[in-house]
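This briefing sets out selected features of the structure shown below.

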There are 2 protein chains.
Amino acid sequence: MTPTHPNPLYKTHPWISPTNPPVSNAPMLNIATAPLATSVSAAGGIGFIAAGYDTTGLETQLREATTLLKNLDPSNPARRFHTETGILPLGVGFLNWGADLENAMQILSEHRPAAVWLFAPRDMPADLKPWVDAIRGLDDDASAAAGVRAEFHTPPTQIWVQIGTVHEATAALSTLFPDVLVAQGHDAGGHGLARSASIVTLVPEIHDTLLQRDPSAQHIPIVAAGGIATGRGLLAALALGASGAVMGTRFLAATEAQVAAGYRREILRASDGGASTVRSTVYDRVRGIHGWPARYDGRGMINRSYVDAVHHGMDDEQNRSLYRAEASKGDEGWGPSGRMTTYAGTGVGLITQVLSAKEILAEVWAETKAVAGRLGSL
Amino acid sequence: MTPTHPNPLYKTHPWISPTNPPVSNAPMLNIATAPLATSVSAAGGIGFIAAGYDTTGLETQLREATTLLKNLDPSNPARRFHTETGILPLGVGFLNWGADLENAMQILSEHRPAAVWLFAPRDMPADLKPWVDAIRGLDDDASAAAGVRAEFHTPPTQIWVQIGTVHEATAALSTLFPDVLVAQGHDAGGHGLARSASIVTLVPEIHDTLLQRDPSAQHIPIVAAGGIATGRGLLAALALGASGAVMGTRFLAATEAQVAAGYRREILRASDGGASTVRSTVYDRVRGIHGWPARYDGRGMINRSYVDAVHHGMDDEQNRSLYRAEASKGDEGWGPSGRMTTYAGTGVGLITQVLSAKEILAEVWAETKAVAGRLGSL
């Protein structure tokens, strides 16, 4: 059964809309930068900046986010949270197989985000332990200096850990004691476990398993990711036992996302997401990205790179050189007969227009409530 | 948005529970026989008998169903529907790449089921056209003879067509004019499209696409299949825009299902459905089943057949002979180190006990309502 206790995300991310289900943007590498993350948080969601596997650009991003927050209306809860606590009302997402812990902590100790999202260590969960300890250490240092805040309860830095199976969830929980479990299903765009269920079974099975192991585990919120693009998907996630949801593909069509015009055009054009996307490692290989642990691949729009590799047996070297040539074509390089990597989830067919992050959240929340109202009469 | 019009399934399958969301059992070959189908219908669901790709056993099944229905309490709506209309309050599922149309129609004209479920023709949807025409023809013959029934409105034979992509849905709709679309997602156990989305995106995208093409298309109910094993899954399906749901794996643990003890033991034991099951064609190959069109594979528990084929490169001949030897071991042949095919969906980890079909439906419906009540306050 779904939890009856109050949703802890409202307390631990105090700037979010208190009257809507929590929604965050996925920390999509090179796409979820300061403008998207701050807009999501300013609209009452939980914005995430992608640091990825390389922390080089992170400090610049956090500085930009600070500026953007200071330009918000003084009454905006995200700005007020920032002003009163000194903590950025957003999170930072790392790809832990590549990210450097020391660099990351140096940046995070100066620019404190409210949340850190850990994903894809080489060894799961062991390699995340030093990260969790270091992040908890930041809080200890800070709480020694801080007094009691006027209006906002200041929660410790929220540690989000992304998992894709029940086994990963229980292992993460008993080793890391995260604050939030992000349960990513098979529909998700971009990287994830090559083999997994969708959130339809992943979320309730995690929920039941945690409850069985430890009745107090019900307090750990599960945030569902993978295929959620509309209010119907968000409501489904809540029905399955999630306390909130992540949207990735949907935010590719946010005005604030840093997405090439050709990429965005494909997101709007594509339909039949289960047929037009595929999980593969080819999109990393053609771009010369080799760091992902073997259990991961990525879901993207089927294009020439994939067809050549899988149907025509083209070797990686030739495919990669064709990719490089394609990259010079600009926006024409995207599409089914192009070669530019177009990561997208199976929800891509549900996305029909570019809207601001605020408009996206308003639309999703309105639909969620409308459908919930109808189902409530069951 | 989800439909606001009344759910047509209540009118077209008049014996079903009027106060619960419609649920049917999947027509699982050799498993969904007369006892399961009649129990599901007697409990207020929509029972299906699997005819599969070979109609040999169908007549016996339908005779048995008739007997079972006559033994129900006279006040049972399924029995009353049968008594008053002469139509069996259940459906028959065909695998159309193999089933013989003429044989099938001969049987169906004598033992009229309320619904026929068509799936997996070689050419989709063209090969289903003669089936649809023949089924509609049965109704014309019958209605010439029939008068107006006392209590039950007698709907025409309901044609359910199973699809796995938006493209298949629109093609089926414009060629076949089915009464029900079964939208099968990637989590489903047994056969389905090798590449597809889960119901999280498949159901809403079909819904939106049909509405866009033809606003009157909203009257065609979508029944979701794949991963639904609990009330939370059923509620999620409704939230996504489905008018009802199919459960397959869950009914493997129904007392009335015709399942070997070793198979059922695995269903109860298995956990982490996204990790412990896999989509593959190996389970057909080791059993010498070669008729499935190439676009299909089947999801089953990972076992030695799979590991040997995929990780150890074992050829089909050897794998098949090992399978045959395993079959002589009886119930010991099932399990991760066994070889007996154990089709199951990713929801397998949610199934913890054997219950009657009636108890399963009662539990699922109670959970659906409890969760809907909580979400209704959104």
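**Helix packing and backbone features**

The crossing of α9(A) and α16(A) is right-handed. The model described here is a predicted one. The points below begin with this helix pair, then turn to chain A as a whole and to backbone geometry in both chains.

**The α9–α16 contact in chain A**

- Helix α9 of chain A covers residues 231-240 and helix α16 of chain A covers residues 357-375; their axes lie 7 Å apart and form an angle of about 55°.
- Angles from 65 to 115 degrees count as roughly perpendicular and those under 35 degrees as roughly parallel; α9(A) and α16(A) are therefore oblique to each other.
- On the α9(A) side, the contact is made by Gly231(A), Arg232(A), Leu234(A) and Leu235(A). Their counterparts in α16(A) are Val364(A), Trp365(A), Glu367(A), Thr368(A), Val371(A), Ala372(A) and Leu375(A).
- By class, the residues of this contact between α9(A) and α16(A) comprise seven nonpolar, two polar and two charged.

**Overall form of chain A**

- Chain A contains 16 helices and eleven strands.
- The C-alpha trace of chain A extends about 60 × 50 × 40 Å along its principal axes.
- Of the 378 residues in chain A, 63% are buried.
- When contacts in chain A between residues at least 6 apart in sequence are considered, 70% of them join residues at least 24 apart.

**Cis peptide bonds**

- Most residues other than glycine have a negative phi, and most peptide bonds are trans.
- In chain A, the bond from Met124(A) to Pro125(A) is cis, with omega near 5°. Pro125(A) is located in the loop between β4 (113-119) and α6 (129-145) of chain A.
- In chain B, the bond from Met124(B) to Pro125(B) is cis, with omega near 5°. Pro125(B) occupies the loop between β4 (113-119) and α6 (129-145) of chain B.

- Asn30(A) is not a glycine, yet has a positive phi of about 70°. The loop between β1 (23-25) and α2 (34-42) of chain A holds Asn30(A).
- With a relative accessible area of 54%, Asn30(A) lies over the 50% cut-off and so is exposed.
- Asn30(B) also is not a glycine and has a positive phi of about 70°; Asn30(B) sits in the loop between β1 (23-25) and α2 (34-42) of chain B.
- Asn30(B) is exposed, its relative accessible area being 55%.

Definitions and conventions: Residues are numbered from 1 along each chain as its sequence is written. Chains are lettered from A and ligands numbered from 1 in the order in which they are written. This is a predicted model: local features need pLDDT of at least 70, side-chain atom pairs count only at pLDDT 80 or more; totals for chains, interfaces and linings use all residues. Side-chain values use heavy atoms; hydrogens and water are left out. Axes are lines fitted to C-alpha atoms, for helices over the stretch in contact, and angles run from 0 to 180 degrees between N-to-C directions. Helices (H or I, at least four residues) and strands (E, at least two) are DSSP runs, numbered from the N terminus. Angles under 35 degrees count as roughly parallel, over 145 as roughly antiparallel, 65 to 115 as roughly perpendicular and the rest as oblique. A crossing is left-handed if the near helix is turned anticlockwise from the far one by less than a right angle, and right-handed if clockwise. Contact means heavy atoms within 4.5 Å. Ala, Val, Leu, Ile, Met, Phe, Trp, Tyr, Cys and Pro count as nonpolar, Asp, Glu, Lys and Arg as charged, and the others, Gly among them, as polar. Buried means under 20% relative accessible area, exposed over 50%, partly exposed in between (1.4 Å probe, protein chains only).
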